[in-house]
Amino acid sequence: MAQASDVNFAAPVHRPKAQWNQRTIAPWLFLAPGLFMFAVYVLWPIVQSITLSLYDWNGLYNKDGAFTGTFIGMGNYAELMTDPAFEVSLWNNFYWLALYLLALPAGLFIAIFLNQTVRGIRLYKSLFFFPFVISQVVVGLMFAWFYAPNFGLFYLLTEWITGKGTAILADPDLVTFGIIAAGLWPQIAYVMILYLTGLNNVAPDQIEAARLDGAKGWKMLWYVVLPQLRPATFIAVIVTVIGALRSFDLVSIMTSGGPFGSSRILSYYMYEKALSEYGFRMGYGAAIAVVLFAIMMVFISGFIWKMWRDEKER
Amino acid sequence: MFPRPIQQSSTGAQWLYTIALPISLVIWLFPLLGVALTSLRPASDLAQGNYFGMPSGIAWENYVYIFTETPIGQYMINSLWVTIPTVIGAVSLSLMTGFALAVYGFRANILIFFMFVAGNFVPFQILMVPVRDMTLQLGMYDTWYGLALFHIAFQTGFCTLFMRNFIKALPFELIEAARVEGVAEWRIFWYIVLPLMRPAIAALSVLVFTFIWNDFFWATVLTQGVDSQPITAGLSSLNGQWIAQWHLVSAGSILAALPPVAMFFMMQKHFIAGLTMGAVK
């Protein structure tokens, strides 16, 4: 131990002092504006929200600018435990998460379908990617049209098959699945483009070698191709999970959480509690947001951990 | 190549593939095509229940109507006022943060980097109440700059991740050589690194443009009126007024989708490069 520190001290830095200083200060000067903005708008609000979740606050201030909230400790969280709307939202979030992962096989399937070199294939790939480029507000309106009772194609289709049309957005049991299907549309497009890029970089010699060994179809996909697509799969899982938990636009546009609150998810329920006609319950809203944040943190930590491992390997 | 190139298959299979491509595309884009066609259908057709039959004419007047009778043009301009400053702001800030994190090996480097990455993934709702409150306190509620400032800060997270990895992949010898020559650090940034960043700047610009143009949540949280609401929020409130007037809803939707779609088509290569970063090793 003593030897090691001796060595460190014994190795003087052979640099002019001014330059050394410049190189110590420079990164902080480059970081300052970005770090400042990020701290003010992202990091500090997280701390504030967590604190706020321990208060009962209607979002107002006194005339002299004093905060009007009252500290209630874990009160908001205790209320969440018995709030049926919170339970519905949590379950719906779970459905979103589980069903959104269908974007992976579906995206892979389309990517494999399109990974050919025929005329015009580039245009096909771009057009298949289209849904991701469009705003979710527009996607929501498109699917609302598709699902519309009496004339919507989905309604007509169910009428033709079962003899009775299903107005999916008005059905409390099915509405969430209808919205998830709308969300899957752009998400599949995103996963598809990730896999197309991945497939482009699969080592051709390994494929040829496996082919000579008689590997075909499913076996080839499972044992040779998928292992090479692992980086694409990892990114796809991350963006899909985050996308599922973040979704807000579609619920807001297509149903506003209805009918009877049955399509609420945590992100929307939080907004409803804190900012809509249901009352400005900022503290309660913050508590819902903290729960969502905690769920997200599980996945974010996983991602960071993987990145950290990759960084160390370099 | 996987799957096996279709050219090596039988003629029958090749024919099948050639036919399957357009059919699958039409099915895939069905909601989009349906809405695009509805946006050009006369209101009288819809009133008579003619939703999918031959339209009685092409109704450009739907588009004329939404431009003249609703503030949709103003909403589009508002969107540009938020989107363009955000693209410039987030890209410039992240060029600097990315440079700092890629080039200098200081102690807190990896910690700050991971903080940017993690912040980029947090749910918006955890930021909502404090950010809205702060924007109100600063008198920036319901203004384009109040919205743009938040977007700049938030997008800096994702952009830093991108820029840092991009600069890391540049040959470090360039910077070493300049340092040996005694070039100042900011000059290294400006004259050596920045000119090499063009592809990264292009990729991030189109991505951020699309993300911000399509943002709905912050538009509803931080803006309210016709004077500052971007198109996504505006379309949502128009949708509330146009109950079941699907020819107008469709025309508005197509209009709102147009700018990012045009951006994507013009800058396709950069867009995809930005989006698939990390999908290959």
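**Notebook: predicted model, chains A and B**

I began with confidence: chain B averages a pLDDT (the predictor's confidence in each residue, from 0 to 100) of 91, and 99% of the residues score at least 70. This is a predicted model, in which I take local features at pLDDT of at least 70 and side-chain atom pairs only at pLDDT 80 or more, while totals for chains, interfaces and linings use all residues. Residues are numbered from 1 along each chain as its sequence is written, and chains are lettered from A and ligands numbered from 1 in the order in which they are written. The model scores ipTM 0.92 and pTM 0.91.

**Entry: overall form of chain A**

I counted 15 helices and 2 strands in chain A; helices (H or I, at least four residues) and strands (E, at least two) are DSSP runs, numbered from the N terminus. The radius of gyration of chain A is 26 Å, whereas a compact globule of 314 residues would have one near 20 Å. That radius is taken over C-alpha atoms, and the globule rule is 2.2 Å times the number of residues to the power 0.38. The C-alpha trace of chain A spans about 90 × 80 × 35 Å along its principal axes. Of its 314 residues, 40% count as buried. A residue is buried if 20 or more other C-beta atoms, placed from the backbone, lie within 10 Å of its own, exposed if 12 or fewer, and partly exposed in between.

**Entry: the contact between the chains**

I found 80 residues of chain A and 75 residues of chain B in the contact, where two residues are in contact if their C-beta atoms, placed from the backbone, lie within 7 Å. Helix α14 (residues 246-266) of chain B supplies the largest share of the chain B side, 8 residues. That side divides into 54 nonpolar, 19 polar and 2 charged residues. Here Ala, Val, Leu, Ile, Met, Phe, Trp, Tyr, Cys and Pro count as nonpolar, Asp, Glu, Lys and Arg as charged, and the others, Gly among them, as polar.

I then looked up B:Phe216, which lies in the loop between α11 (198-213) and α12 (217-222) of chain B. B:Phe216 counts as buried because it has 23 C-beta neighbours inside 10 Å. Leaving aside neighbours within four places in sequence, its contacts include A:Gln136, A:Asp249 and B:Thr232.

**Entry: helix α6 of chain A**

Helix α6 (residues 121-133) of chain A has 13 residues and reaches 19 Å from its first C-alpha to its last. The expected span is 18 Å, taken as 1.5 Å times one less than the number of residues. I noted A:Phe128, A:Phe129, A:Pro131, A:Phe132 and A:Val133 as buried in α6(A). The buried residues of α6(A) pack against elements of both chains, including α9 of chain A and α14 of chain B.

**Entry: backbone exceptions**

Most residues other than glycine have a negative phi, and most peptide bonds are trans. I recorded a cis peptide bond from A:Gly258 to A:Pro259, with omega near -10°. A:Pro259 lies in the loop between α13 (249-254) and α14 (266-275) of chain A. A:Ser256 is found in the loop between α13 and α14 of chain A and has a positive phi of about 50°. A:Ser256 counts as partly exposed, with 15 C-beta neighbours inside 10 Å. A:Asn150 has phi near 75° and is exposed, with 11 other C-beta atoms within 10 Å.
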